[in-house]
Structure formats: C-alpha cells, structure tokens
Amino acid sequence: MAPKTLAIAVATYNQGERELRGFVYGLLSQTSYDFKAYIHNDGPSIDSTGKFMEGIIKEYPDNFEYLETDVRENLYGHPGRQLVLDKCEEPFITFTNADNLIIKDYAKVIVGCALKHDPDVITNSIVHSYFDY
C-alpha cells in the first residue's frame with residue numbers, strides 16, 4: 001500500500017488503555033483517513049498500552065503503528081519523534097502527545113493546508129485531556 005499523506009508522531013509512556021483510548025478514538029473519528037499514526041511508548045510497556053495498541057492495529061493496520069523502545073529515555077518524547085522521522089514515508093508529519101484530544105477534522109485540515117499552500121511549517125493548537133473518562 002502507498003504511504004499516507006500525513007504521519008502523526010505520538011509520544012506516550014505507559015498511559016494504558018483507559019487514558020490512551022480518548023486519543024486513539026479521536027483519530028478513529030477523523031473525516032479523512034489519509035494518515036498513519038506512529039504511537040511511540042518511551043520505554044517498555046509495563047501496563048496495558050502495548051496490548052491496547054495491538055488490538056487497534058489489528059483492526060486498522062494501515063493507520064496505526066506501535067513503537068516501543070527497550071529503555072525509557074524520559075526526554076518528553078523527543079527520541080521517539082526522531083524514531084518516527086527516521087521510519088515514516090509520509091511527506092508531511094505532525095507531532096503530538098497521547099494526552100491530547102484530536103478533533104474530527106485534524107488530519108483533513110493539516111493535509112489540506114499542506115497541499116494547498118506548500119508551507120515549511122504548520123502549527124496548531126491542541127486540547128489536553130486532563131479529565132476522567
């Protein structure tokens with residue numbers, strides 16, 4: 001399959017299914033599926049993060065990939081972002097964290113802006129999900 005247009009590099013660390021669910025469901029509610037989300041767990045999964053992502057990838061293999069490092073870097077996701085930069089084939093990339101909420105037009109707006117204006121950088125605002133599900 002050809003690469004998607006947008007890579008979404010997502011930093012996380014053992015957020016588990018309960019906390020990761022809101023973020024992933026936000027991606028699953030997108031009006032455009034022209035993205036691939038690379039969920040990077042900073043260190044080995046010691047909770048349900050890896051297992052939850054296995055289930056998501058089984059259902060949506062073209063839109064999700066789970067990456068896990070052997071050692072926790074604890075550098076706010078930066079090494080994981082480089083890992084995604086080295087791995088992804090998509091022409092555009094955006095960075096976020098798994099504790100953010102993603103609106104339904106997130107991928108569509110970013111891809112549309114990138115294709116229309118050919119910018120060097122696109123910035124956007126994110127809502128943090130600091131509430132109980």
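Q: Taking helices (at least four residues) and strands (at least two) as DSSP runs numbered from the N terminus, which element gives the most to the lining of the largest pocket?
A: In this predicted model, the largest pocket has a volume of about 290 Å³, and of the 17 residues that line it, the closest to its centre are Ile 93, Thr 94, Ile 110, Val 121 and Ile 122. Strand E4 (92-97) and helix H4 (106-117) each supply at least two residues of that lining. The element that gives the most, with 5 residues, is E4.

Q: How many residues of the lining of the largest pocket are nonpolar?
A: Besides its nonpolar residues, the lining of the largest pocket holds 4 polar residues and 1 charged residue. The number that count as nonpolar is 12.

Q: How many residues of strand E1 are buried?
A: Leu 6, Ile 8, Val 10 and Thr 12 point one way from E1, while Ala 7, Ala 9 and Ala 11 point the other way, and all of these are buried. Strand E1 is accordingly described as mostly covered, and the count of its buried residues is 7 of 7.

Q: In E2, which residue is the bridge partner of Val 10?
A: Strand E2 (residues 35-41) is mostly covered, since 7 of its 7 residues count as buried, under the 20% cut-off for relative accessible area. Phe 35, Ala 37, Ile 39 and Asn 41 point one way from E2, whereas Lys 36, Tyr 38 and His 40 point the other way. The bridge partner of Val 10 in this strand is Ile 39.

Q: Through which helix does the chain cross from E2 to E3?
A: E2 and strand E3 (residues 64-68) pair in the parallel sense over 5 bridges, and Tyr 38 stands opposite Glu 65 in E3. The crossover that links these strands is right-handed, and the helix it passes through, residues 49-59, is H2.

Q: Which residue in E4 does Ala 7 stand opposite?
A: E1 and E4 run parallel and are joined by 6 bridges. Within this pairing, the residue of E4 opposite Ala 7 is Ile 93.

Q: Which element gives the most to the largest nonpolar core?
A: The largest nonpolar core has 22 residues, and those with the most contacts inside it are Ile 8, Val 24, Leu 27, Ile 39, Met 53 and Phe 64. E1, H1, E2, H2, E3 and H4 each supply at least two residues of this core. In soluble globular proteins, nonpolar side chains tend to be buried together. The element that gives the most, with 5 residues, is H1.

Q: What separation lies between the C-alpha atoms of Leu 20 and Met 53?
A: Leu 20 is found in helix H1, and it counts as buried because its relative accessibility is 0%. Met 53 is 33 residues apart from Leu 20 along the chain, and the C-alpha atoms of the two are separated by 9.0 Å.

Q: What is the value of phi of Asp 118?
A: Asp 118 has its place in the loop between H4 and strand E6 (127-128), and with a relative accessible area of 61% it is exposed. Most residues other than glycine have a negative phi. In Asp 118, a residue other than glycine, phi is positive, with a value near 50 degrees.

Technical notes. Residues numbered from 1 in each chain as written. Predicted model: local features only at pLDDT ≥ 70, side-chain atom pairs only at ≥ 80, totals over all residues. Heavy atoms only, no water. Buried < 20%, exposed > 50% of the residue type's maximum accessible area, 1.4 Å probe, protein only. Pairing = 2+ DSSP bridges. Right-handed = clockwise from strand over helix to strand, strands pointing away. 1 Å grid on protein atoms, 1.4 Å probe; cavity = no way out; pocket = protein on both sides within 12 Å on 5 of 7 lines; lining within 4 Å. Points joined across faces, edges and corners; volume = space filled by probe spheres on them. Nonpolar A, V, L, I, M, F, W, Y, C, P; charged D, E, K, R; others polar. Core = buried A, V, L, I, M, F, W, Y, C linked by side-chain atoms within 4.5 Å.
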